[in-house]
Amino acid sequence: MKIGDTHYRTIWLGDDDWSVNVIDQTLLPHVFEVRRLESLADAAAAIADMVVRGAPLIGATAAYGMALAAHVDPSDQALEDAFADLLATRPTAINLRWALDLMRERLLAVPVDYRRALAYGLAAEICDNDVATCQSIGQHGSVLIADALARKAGGNGAAGPVNVLTHCNAGWLATVDWGTALAPIYAAHDAGIPVHVWVDETRPRNQGAALTAYELGGHGIPHTVIVDNAGGHLMQHGMVDLCITGTDRTTAHGDVCNKIGTYLKALAAHDNGIPFYVGLPHSTIDWRLGDGVAEIPIEQRDGEEVSHIRGVTGAGQGTTVRLVPQGTAVGNYAFDVTPARLVTGLITERGVCPASRAGLLALYPEQAENAAP
Ligand code: MRU
């Protein structure tokens with residue numbers, strides 16, 4: 001996507017052909033800064049500290065983390081250590097393990113001398129595939145937005161825009177380009193369908209207020225940031241036509257794990273008869289799991305993300321302030337699970353399917369043997 005006149009991906013190889021560049025997302029929307037990753041430790045820290053975030057981008061960064069490790073030492077032991085270090089960075093997004101498994105399997109299968117070049121090639125391939133996958137999610141999902149417009153207008157298209165509610169950031173910043181939940185919105189907007197987006201601020205780290213608003217503004221898409229608790233009210237008053245979110249891990253039964261608060265939006269959507277869709281690439285499906293509530297590990301992060309908030313002063317100076325009384329206990333659960341029964345459909349690169357084992361397997365029949373019963 002473009003920032004100003006320049007086209008960016010969220011991660012790319014440096015001019016030196018070995019270091020890796022990422023956009024520092026902890027500084028957005030106030031400062032745009034490119035961060036150079038020069039080592040496995042840099043890549044692991046970038047994921048853990050959320051310089052990069054969003055399930056597909058976490059996977060892509062991990063792949064480049066393996067390449068940075070192979071750049072220094074392509075031995076079996078060094079790659080196994082890199083795998084373990086990167087896997088420990090964040091527990092919930094399955095794209096991390098997906099990318100690491102792929103890298104480890106392919107790298108260990110070739111002689112040591114070939115591994116460095118192969119690692120960079122595979123990481124680049126993962127990135128390119130992610131872009132194509134997200135574009136395809138966008139095409140399939142935009143049909144749902146067009147349908148919503150038709151429903152709303154009684155067929156004559158006069159009653160736009162389509163109001164889409166989204167949570168967190170599942171746009172191009174969360175992937176290599178285009179996004180998952182936001183890709184259908186970009187595709188619809190680019191096709192001339194009028195769309196307006198309700199952007200949940202997404203406490204505690206405000207990925208909606210900071211990143212989704214930044215992205216949508218950059219693309220000229222009308223949007224309004226709302227507090228996380230506003231969605232139910234808007235839905236009761238007919239101000240939301242459909243919800244689309246991303247997911248960090250989807251089970252073989254269609255349960256979706258996404259940023260904390262997603263479940264409450266799905267409940268409100270269900271109560272108000274509003275379609276609730278989830279956009280995802282194949283790399284976000286954990287075929288081994290069935291029951292997401294019971295089986296998906298939920299990341300708990302530092303309480304300071306809840307007790308404090310970051311922003312800029314009127315003079316544009318970055319600052320952090322405390323919100324809660326000193327010494328107050330805080331809990332920081334980063335994700336929750338929305339059961340499949342609350343999900344209207346899954347928007348994948350292969351099409352839209354019901355959030356169910358049968359629905360997923362109809363699109364991914366090659367996974368029949370891996371899918372949890
Ligand atoms: O904690 P984050 O910012 O990594 O969480 C990101 C999300 O919850 C996204 O919705 C999810 O990764 C899907 S990204 C396409």
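Which element gives the most to the lining of the largest pocket? Good morning, colleagues. The answer is strand 14, with 5 residues. Please bear in mind that we are looking at a predicted model.

Let me begin with the largest pocket. Its volume is about 740 Å³. There are 28 residues lining the largest pocket, and those closest to its centre are T26, L28, R205, R310 and G311. Strand 14, which spans 308-312, is one of the elements that give two or more residues to this lining; the others are helix 7 (207-219), helix 11 (304-307) and strand 15 (318-322). Domain 1 (2-127) and domain 2 (141-367) each supply at least three residues to the lining of the largest pocket.

I turn now to the second largest pocket, with a volume of about 360 Å³. Here 17 residues form the lining, and W98, H282, I285, W287 and Q367 are the closest to the centre of the second largest pocket. Two or more residues come from each of helix 4 (94-108) and strand 13 (285-286). Helix 4 provides the largest share of this lining, namely 5 residues. By class, the lining of the second largest pocket holds 6 nonpolar, 4 polar and 7 charged residues.

Thank you for your attention.

Terms used: Residues numbered from 1 in each chain as written. Predicted model: local features only at pLDDT ≥ 70, side-chain atom pairs only at ≥ 80, totals over all residues. Heavy atoms only, no water. 1 Å grid on protein atoms, 1.4 Å probe; cavity = no way out; pocket = protein on both sides within 12 Å on 5 of 7 lines; lining within 4 Å. Points joined across faces, edges and corners; volume = space filled by probe spheres on them. Helix = DSSP H or I, 4+ residues; strand = E, 2+ residues; numbered from the N terminus. Domains from an automatic or database assignment. Nonpolar A, V, L, I, M, F, W, Y, C, P; charged D, E, K, R; others polar.
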